[in-house]
Amino acid sequence: MAAQPVSRMLRRVLRSSVRSCSSGALVTQPHPGEPSQPAVEVPSGRRRFLREHAAPFSAFLTDSFGRRHSYLRISLTEKCNLRCQYCMPEEGVPLTPKADLLTTEEILTLARLFVKEGVDKIRLTGGEPLIRPDVVDIVAQLHQLEGLRTIGITTNGINLARLLPQLQEAGLGTINISLDTLVPAKFEFIVRRKGFRKVMEGIHKAIELGYSPVKVNCVVMRGLNEDELLDFVALTEGLPLDVRFIEYMPFDGNKWNFKKMVSYKEMLDTLRQQWPELEKLPEEESSTAKAFKIPGFRGRVSFITSMSEHFCGTCSRLRITADGNLKVCLFGNSEVSLRDHLRAGASEEELLCIIGAAVGRKKRQHAGMFSISQMKNRPMILIELLLMCQDSPPAIPSIFFRDSLHVQGLRHRVSFSSQMVTLWKGGWLPQIPLLAQRWLASGVPQRHYGSHLDSDANPKCLSPEPRAPATPSGPLPTSDQLTHVDREGQAAMVDVGGKPDTERVAVASAVVLLGPVAYKLVQENQLKKGDALVVAQLAGVQAAKLTSQLIPLCHHVGLSHVQVQLELDSTRHAVVVQASCRARGPTGVEMEALTSAAVAALALYDMCKAVSRDIVLAEIKLVSKTGGQRGDFHRT
């Protein structure tokens, strides 16, 4: 169980740094002899004054269905320091010329106008808002607006630890940090940049400064991170986090696919299997989130159900893009330029009429998920980084770093290691080296890679130790008939319903002849596309799991173990791939092992093809198999 070690870790982290009070105000634990310092959100006296002197809500911000729009999201920039696919198309986006972006004064002018009409919450977004040089000054000036109760920010967390003390002093009240994985290698694979450690430092700094809850946004995508749900929830046992699981949403260029979306109900079922005592919290007015809490846990869990159960009926949000367009619906493609009217000299009254007309045209609800996926809309990076930059590459397996040479396969329930506890106590998780190097007698570093997804109690992965190959126990009896052809000669799937379940293991291999130039770049990890061995390894593991979808007449096999090892062969300028699969069932796993080795080899070719097209994939073969009625096989 992950909960117990996380609990111990959190008690150590939080005992001396942060506490909360029953009123909901943020409080930082004082040092000896110092008075308590309240957090910056909104002083209770000011809050009380605003409630007692609230003006009638503006008709300009009320739509034809009676929804009052009191929440404004302002994008400060289109730029981002990460490169994420569900936020940004693979080919990138054409950025708006600087002259066409809102200036600081224009941002503040529009904010002042909206607050005057009843907006009491502003959230700053991007792109990545914390790369804007004057973000602290913008927060400070927004904090001076009478009637504004809350200033929030949504960030990818890369610059948060450095800027948060200044932002808090300026008046920042709430923080949303995007984090789609707890796996350092997967983080780098997803965002195409390093930075996992910095995000963790940002989360720790927010807790240290007394923010509660610190909201962590996690976009859940099937085949990518749905197996980490329980590990995210385990963090809330002792940390004041609100982990928000967000249904994967379609935007222009992010290749949205319904099959990638994990619905709220499916996620909730997964959580309740582990924590049946999970209880639903009362929904706040105009909230986008369905909140739940595990009794005894300090934090909570929320679900943003934009796709499966929309919350359009209580929507109170408006958005201003970095180039000054007003969007009344995140999924709508209708926009009106406030920038152009502002620069044309429009009066406050004229601006309000334009805003009121746009709000008045807002529809009762957005289109269904399939219609949305067909609509032309901005890429998310050009609207705002609501969910923040995490990638949606082809599905990859979940892996979790234990130390510099070992990775644990994350399944539905794993425990955080003692090292994880120590690192969280320090406020960060380290960048783990992606490579395991062996020094040969000649002094040349030899790269050797292995990974597996294992159901044993103590799985090892990316292990430098060689594993023993499957041992033969006898010859493989041959058959004089093709088993996947019926009597009429038509293709047919074998019926394995009557076969007994036995332990099945298969090992397959492949060789990729790279040539001297590509070989040296792979050996030294100097390819521009990234670490070729890591990518090939991940591709091989994923291919094993998807074999039945790739090979038409293969049965689906519930694998309990997948291991992919890649070793450099300097004599041939080659990479030798070995894939091992294990399962218990009525059918063998030879095809899973062969598919894994072949796809790993193909991925390696793809990583190196820009350097040389004279790459040969060779010797794809079954090395051994054990288990089953037809006996064992070992290639001699």
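Before looking at any helix pair I noted how axes are drawn: they are lines fitted to C-alpha atoms, for helices over the stretch in contact, and angles run from 0 to 180 degrees between N-to-C directions. Helices (H or I, at least four residues) and strands (E, at least two) are DSSP runs, numbered from the N terminus.

**Entry 1: ground rules**

I am reading a predicted model, in which local features need pLDDT of at least 70, side-chain atom pairs count only at pLDDT 80 or more, and totals for chains, interfaces and linings use all residues. Residues are numbered from 1 along each chain as its sequence is written, and side-chain values use heavy atoms, with hydrogens and water left out.

**Entry 2: the whole chain**

I looked up the secondary structure of the protein chain and found 18 helices and 24 strands. Of its 636 residues, 54% count as buried (under 20% relative accessible area; exposed is over 50%, partly exposed in between, with a 1.4 Å probe and protein chains only). I then took the contacts (heavy atoms within 4.5 Å) with a separation of 6 or more: residues 24 or more positions apart account for 75% of them.

**Entry 3: confidence**

I checked pLDDT, the predictor's confidence in each residue, from 0 to 100. The protein chain averages 76, and 67% of the residues score at least 70. Over residues 1–42 pLDDT stays under 50, and the model has 82 contacts beyond four places in sequence for them. Residues 251–256 also stay under 50, with 29 such contacts. Where pLDDT is low, the predicted coordinates should not be read in detail.

**Entry 4: helix 3 and helix 11**

I followed helix 3 (residues 104–116) to helix 11 (residues 348–360); their axes come within 11 Å and cross at roughly 75 degrees. Helix 3 is therefore roughly perpendicular to helix 11 (65 to 115 degrees; under 35 is roughly parallel, over 145 roughly antiparallel, the rest oblique). Helix 3 brings Leu113, Phe114 and Lys116 to the contact, and helix 11 brings Glu348, Leu351, Leu352 and Ile355. By class I noted five nonpolar, no polar and two charged residues (Ala, Val, Leu, Ile, Met, Phe, Trp, Tyr, Cys and Pro count as nonpolar, Asp, Glu, Lys and Arg as charged, and the others, Gly among them, as polar).

**Entry 5: glutamate 117**

I moved on to glutamate 117, in the loop between helix 3 and strand 5 (121–125). Glutamate 117 is buried at a relative accessible area of 16%. Beyond four places in sequence, glutamate 117 is in contact with Phe57, Ser58, Phe60, Leu61 and Leu352. Its C-alpha atom is separated by 7.7 Å from that of phenylalanine 60, 57 residues apart along the chain.

**Entry 6: threonine 181**

Which side chain does the side chain of threonine 181 meet in a polar contact? I found glutamate 228, at 2.8 Å (a polar contact is a pair of N or O atoms within 3.5 Å; within protein, one must be able to donate a hydrogen and the other to accept it, and residues adjacent in sequence count only if both atoms are side-chain atoms). The side chain of threonine 181 also reaches the backbone nitrogen of valine 183 at 3.0 Å. Threonine 181 sits in the loop between strand 7 (174–178) and helix 6 (184–191), and counts as buried at 0% relative accessibility.

**Entry 7: glutamate 592**

I found glutamate 592 in helix 18 (residues 590–608), buried with a relative accessible area of 3%. Residues that glutamate 592 touches beyond four places in sequence include His555 and Cys581.
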